[in-house]
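Take a look at the model below.

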Amino acid sequence: MTTKNEETKKKKSYLHIKLILIMLVVTSIAFVWNKMINSEISYAVSQELRIENEVTKQYQKVESVEIDFDDTIEQNRKRQEEQIIIEEVDLEYTTIYQNSSDLPKDTLQVLQEGKIGKQQQITKKVFENEELIEEQPVGVKVLTSSIDRIVLVGTANYKSNYKVKKGDMVYVTSHTLDVRREASEESERVFVLNQNDSVQVLQVEKDWYKIVYGNYFGWVKKDCVTYINPNAPEEEAGSGGYTKSQLLAKLSKNMKLNTPSGFTLEQFKKVLSGNSQDSNRILQNNAQYFYYIEKQYKINGVFVAAVAIHESNWGTSKLATTKNNLFGYGAYDRDPANSAYSFGTHAEGIDLLGRVFMKYYLNPAGTKLYGGEVATGKYYNGQTLQAVNKKYASDSNWANGVYKWMEYLYNRL
């Protein structure tokens with residue numbers, strides 16, 4: 001006889017089995033449904049192709065690219081040779097010429113000494129095989145301003161060829177004049193003279209006079225004093241120049257440009273006058289300044305004039321007419337109109353280029369120059385046209401173009 005408890009146990013066991021069967025049926029149905037949805041039916045397709053198709057669905061094919069590692073390394077190497085350089089450089093002064101009726105005609109005397117300033121210059125330099133191939137200014141900051149040099153040009157109706165000698169009295173032309181212990185700009189300053197002070201010459205040595213002033217002795221620069229002979233106001237100097245054949249004999253592509261041409265003032269005016277290409281008469285009206293820079297800085301003034309003609313097309317270029325820049329000085333190929341220097345007058349540009357060529361291009365570093373200046377030799381490669389061409393102009397034919405105009409000027413004597 002079955003008890004009540006036994007019947008209860010049987011019912012629970014039956015329900016448990018029934019629940020398990022229901023779960024198995026649901027699981028089977030779910031499995032079959034999932035298989036129907038996700039499975040793909042494929043006929044006559046290999047297992048390898050199915051695998052490739054599955055990979056193609058997930059990834060895009062990338063074409064094979066050959067890499068030239070040598071070229072990549074070379075390009076990286078060149079990029080590393082672009083450098084930004086920050087350096088402190090000279091800020092050149094400007095020379096201003098003023099006429100003076102108190103001085104013999106064409107005599108040059110310094111009224112105020114020029115002083116070089118300093119500027120911080122930021123430059124991009126590009127090197128290839130350790131050679132500088134490009135240099136472009138990025139910006140400048142003036143640290144110390146330069147002071148203009150003022151030169152008096154005599155306009156009196158007489159000339160003087162008188163050579164100062166021991167015992168002569170000379171007169172100070174500059175506003176103030178430093179008297180040095182030795183004949184050198186670096187020598188100690190002993191005392192200061194003022195304009196129109198008279199001193200006696202004790203010794204003559206190149207660009208210096210040893211003088212006495214009261215109880216003081218020292219050295220002064222020649223171009224800051226003058227001698228005017230009051231007993232011969234009508235004295236006329238001889239030409240003192242070379243003949244055309246003598247000058248032509250010196251002309252060659254290999255001539256040293258840091259040596260004066262020997263042209264007289266009259267010869268400079270002759271060769272630079274009357275050319276129809278000089279439509280604005282810029283070269284003609286500034287001929288004397290090429291003579292002045294030759295006398296003061298010992299450079300070949302005909303060379304400088306030929307550069308001006310070549311670069312400005314006889315003073316007709318935009319830079320020549322808008323910025324008084326006959327030389328394209330400071331103009332870089334990327335932006336010549338804005339990067340080029342601007343001058344107050346054409347004379348200022350001529351004077352500056354005379355000094356720039358001597359200080360940076362035509363003399364090795366350490367060479368003593370005019371007024372105590374010393375050459376930096378920053379762009380020095382030699383003293384000929386081809387040597388200057390290497391750093392001054394990107395056009396490899398620049399030297400030939402300049403020489404053509406030098407020949408032209410020499411042959412107009």
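Helix α7 is followed by K298, whose phi is positive, near 60 degrees. Helices here are DSSP runs of H or I of at least four residues, strands are E runs of at least two, and both are numbered from the N terminus. The model is predicted: local features need pLDDT of at least 70, side-chain atom pairs count only at pLDDT 80 or more, and totals for chains, interfaces and linings use all residues. Residues are numbered from 1 along each chain as its sequence is written, and side-chain values use heavy atoms, leaving out hydrogens and water.

Step back into α7 itself. Ten of its eleven residues are buried, so the rest of the structure largely encloses α7. Buried means under 20% relative accessible area, with exposed over 50% and partly exposed in between (1.4 Å probe, protein chains only). Among the buried residues are Y289, F290, I293 and Y297.

One partner of α7 is α11. From α7, Y289, F290, I293, Q296 and Y297 meet A347, I350, D351, G354, R355 and M358 of α11; contact means heavy atoms within 4.5 Å. The residues of this contact divide into seven nonpolar, two polar and two charged. Ala, Val, Leu, Ile, Met, Phe, Trp, Tyr, Cys and Pro count as nonpolar, Asp, Glu, Lys and Arg as charged, and the others, Gly among them, as polar.

Now turn to W208, in strand β11 (residues 208–213). W208 counts as buried, at 11% relative accessibility. Beyond its neighbours within four places in sequence, its contacts include R180, S184, W219 and K222. S184 is 24 residues from W208 in sequence, yet their C-alpha atoms are 8.5 Å apart.
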